[in-house]
Amino acid sequence: MQRYATELIGTFFLVFTVGCTVIGGAPGVIPPLAIGAALMVMVFAGGHISGGHYNPAVTFGVWLRGKLPVSDVVPYWVAQVIGALLAAAAVGYLRAGVDVKPMALAVGPALLAEFLFTFALVYVVLNVATAPATQGNSFYGLAIGMTVMTGAFAVGNVSGGAFNPGVAVGIRPPGRSGGSEAA
């Protein structure tokens, strides 16, 4: 149960940071830096407990590698989605009344950008956090957070920069029933 709570908490703070910095938040470089830093500190805080996935795509990749029992996959996903939804509710409360203009995305480029940086994120996680050669390292939180930050800088203006189904599910502009904006 502690692993699932850790996934919920980590996902909450990741999605909360995305929402607070993107929805009516800071312009320029602040959102990608804040989001990458939030992910990094949550990975450092919970990585030793749950693996610090905070992302259904990462959970899937770790399961494929054989580093997560199949019995944990759905509970991790449920915890991650609940954390994302709770964060979205908190952001909605804090950002109530903020005028939000959804991004006008070109579907093809947005899907490719999301696929490539989600792949990059899972690739980094598998190679820094689950590979036998890196067992016991103390740098994986930095590498994972920097990967998300890099993706947000590189393609955030193309796709919204979610790289995480939990973020995509959790972030909704306040007062709206659809749309997704991340980084």
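**Aromatic pairs and the helix around one of them**

Mentor: Phe 12, Phe 13 and Phe 16 are joined into a cluster by ring pairs. This is a predicted model, and the number of aromatic pairs in it comes to seven. In the pair of Phe 117 and Phe 163, the ring centres lie 5.5 Å apart and the planes meet at 45°, so the pair counts as tilted. This pair connects distant parts of the chain, 46 residues apart: Phe 117 belongs to helix α5, and Phe 163 to the loop between α6 and α7 (165–170). Phe 117 and Phe 163 are both buried.

Helix α5 covers residues 107–128, 22 residues in total. From first C-alpha to last, α5 reaches 31 Å, close to the 32 Å expected at 1.5 Å a residue. Besides Phe 117, the buried residues of α5 include Ala 110, Ala 113, Glu 114, Thr 118, Leu 121 and Val 122. Towards the end of the numbering, Val 124, Val 125, Leu 126 and Val 128 are also among them. The buried residues of α5 pack against α3 (56–65) and α6 (140–159).

Helix α3 also has a part in a nonpolar surface patch, to which α3 and α4 (70–94) each supply at least two residues. The patch has an area of about 810 Å², and its members include Phe 60, Trp 63, Leu 64, Trp 77 and Ile 82. Helix α4 gives the most to the patch, six residues. Ile 82 sits in α4.

Definitions and conventions
Residues are numbered from 1 along each chain as its sequence is written. This is a predicted model: local features need pLDDT of at least 70, side-chain atom pairs count only at pLDDT 80 or more; totals for chains, interfaces and linings use all residues. Side-chain values use heavy atoms; hydrogens and water are left out. Helices (H or I, at least four residues) and strands (E, at least two) are DSSP runs, numbered from the N terminus. The expected span of a helix is 1.5 Å times one less than its number of residues. Buried means under 20% relative accessible area, exposed over 50%, partly exposed in between (1.4 Å probe, protein chains only). Contact means heavy atoms within 4.5 Å. Patches are made of residues with over 30% relative accessible area and no salt bridge: like charges are joined within 9 Å, nonpolar side chains (Val, Leu, Ile, Met, Phe, Trp, Tyr) within 5 Å. Accessible areas come from the Shrake-Rupley method with a 1.4 Å probe; for residues, only the protein chains shown count as cover. A salt bridge is a side-chain nitrogen of Lys or Arg within 4 Å of a carboxyl oxygen of Asp or Glu. Rings of Phe, Tyr and Trp (its six-membered ring) pair if their centres lie within 6.5 Å; planes under 30 degrees apart count as stacked, over 60 as edge-to-face and the rest as tilted.
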